[in-house]
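Thank you all for coming.

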Amino acid sequence: MAEQVALVIGGLAGGLLPLLLLIWVSCCLWKKLRATFTYEELPGSTAASGIQWGKLYPPHAGTHPSRPTGVPFVVPPSLQDRDWVPLHRGEWAQVPRDPCLAPEPMPHTSSGSFGNTGMMGTINPELYKFLEGKSETDFPEGCLGRLWFSVEYQQEAERLLVGLVKAQRLQAPSETCNPLVKLHLLPDERRFLQSKTKRKTSNPQFDEHFIFQVSSKSITQRVLRFSVYHVDRQRKHQLLGQVFFPLRNETLAGDCPCVVWRDLEAESREPPSEFGDLQFCLSYNDCLCRLTVVVLRAKGLRLQEDPSFVSVFVKVSLMNHNKFVKCKKTSAVLGSANPVYSETFSFRANPAELDTASLSLTVVQSARGENSHQLGRVVVGPYMYTRGRQLEHWNEMLSKPKELVKRWHALCPTPEP
């Protein structure tokens, strides 16, 4: 009996021992697995940010979102010195903090042509209102002065808005300069608008606005002329210089007026020739093999009285050995004896061809139909074709490569066909 009890007890012990061993091994494995998926917060670090459902939250947010307690999150030290920037839908992202790129507020100015400046890194529209960005200190030698103005055309109201901004470096005949500006909308020579007279300054600040009523059909054929005068003690007006600004489609385009500048030009004191005069520039670029012609304006033209002849244009032709090569035309200007063009044309010409090439500029008055009348022409070129001022203009162009050489030329009658 005792032996049977001992056998039973031995059998139970032998069967329970492997079971207990299996339970102990399972407990050890569970502890190791739990330690693998559990992160403890490092000493000295701050849980300054959290992650919930894939969203980042800034450390300076007013309330921290709740996160699963079983998965603590620690900000790595390499990311603790980053700024947080907001993204769309309430999300946030981190940007590296660089002390050299930190924006600093710039001082505000109470007045000035550029307006108040804002924070660095932001776009201030006032800084971009100038159409041409050359320096205000870049004045060529012999400059008579520089004028700043703005032009805007209101299509529905058919009004031309002109803003007279300022002038600089005016060359007055005396120590003190009392400037004023007269504005003409050519070809109308009779009516003009006038600015206020500024006292004792060669750098006047006008800040005045003027309005011309002009139809949309003729606006692109008009020219703004700014005449700058000095008013002496006897209140006589002495012309300091002029600016001609043709009103093209590209200059009137845009939602807001842009400020442009032009250098003053001296008035030609020579009387017009019998058939009128034409002013243009010549330039040759030997690197690009480009011959450039800038047709500026004409004066003293003998127009046809026939009312059907309504506009005047200039035809520029490149000739070689007196044979036609290429022809280009300026835009047509309403019948005016003093039209202004300011248009540039380029022709391809090799240096070897300059000894046999020439330019013919013909002023043509066109009619409403197909009829036209040639008012006169000018031919410039080498000694083979020209003499006098025309030859001097051509040789000066060759001696000053890549420079615009400007001159007036008297028109000659065109030969009969």
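**Strand 15 and its partners**

Let me begin with strand 15, which is joined to strand 19, residues 357-367, by 11 bridges, the two strands running antiparallel. Please keep in mind throughout that this is a predicted model. Within that pairing, lysine 315 stands opposite threonine 362 of strand 19.

Strand 15 also runs antiparallel to strand 16, residues 323-329, and here six bridges join the two. In this pairing asparagine 320 stands opposite lysine 323 of strand 16. The hairpin that these two strands make has two residues between the strands, and in it histidine 321 takes a positive phi near 55 degrees. There is also a pairing with strand 17, residues 333-334, again antiparallel, which rests on two bridges, and in it serine 311 has leucine 334 as its bridge partner.

How enclosed is strand 15 by the rest of the structure? Of its 12 residues, which span 309-320, 10 are buried, and the strand is therefore largely enclosed by the rest of the structure.

Let me turn to a single residue in another strand. Glutamine 279 belongs to strand 13, which covers residues 277-285. Is this glutamine 279 buried or exposed? Its relative accessible area is 4%, and because the cut-off for buried is under 20%, glutamine 279 counts as buried. If we set aside the neighbours within four places in sequence, glutamine 279 is in contact with Glu265, with Val294, Val295, Leu296 and Arg297, and with Lys406, Arg407 and Trp408.

Next comes an open sheet of four strands, whose order is 8-7-10-11 and whose pairing is antiparallel. Its edge strands, each of which pairs on one side only, are strand 8, at 192-194, and strand 11, at 237-246. From one strand to the next, the twist averages 20 degrees. Inside this sheet, strand 7, residues 179-186, and strand 10, residues 223-231, pair in the antiparallel sense over eight bridges, and leucine 180 stands opposite tyrosine 229 of strand 10.

Finally, the surface. Leu12, Leu16, Leu19, Leu20, Leu22 and Ile23 make a nonpolar surface patch of about 600 Å². One of these residues, leucine 16, has its place in helix 1, residues 2-36, and with a relative accessibility of 48% it counts as partly exposed.

How values were computed. Residues are numbered from 1 along each chain as its sequence is written. This is a predicted model: local features need pLDDT of at least 70, side-chain atom pairs count only at pLDDT 80 or more; totals for chains, interfaces and linings use all residues. Side-chain values use heavy atoms; hydrogens and water are left out. Buried means under 20% relative accessible area, exposed over 50%, partly exposed in between (1.4 Å probe, protein chains only). Contact means heavy atoms within 4.5 Å. Two strands pair if DSSP finds at least two bridges between them. Axes are lines fitted to C-alpha atoms, for helices over the stretch in contact, and angles run from 0 to 180 degrees between N-to-C directions. Patches are made of residues with over 30% relative accessible area and no salt bridge: like charges are joined within 9 Å, nonpolar side chains (Val, Leu, Ile, Met, Phe, Trp, Tyr) within 5 Å. Accessible areas come from the Shrake-Rupley method with a 1.4 Å probe; for residues, only the protein chains shown count as cover. A salt bridge is a side-chain nitrogen of Lys or Arg within 4 Å of a carboxyl oxygen of Asp or Glu.
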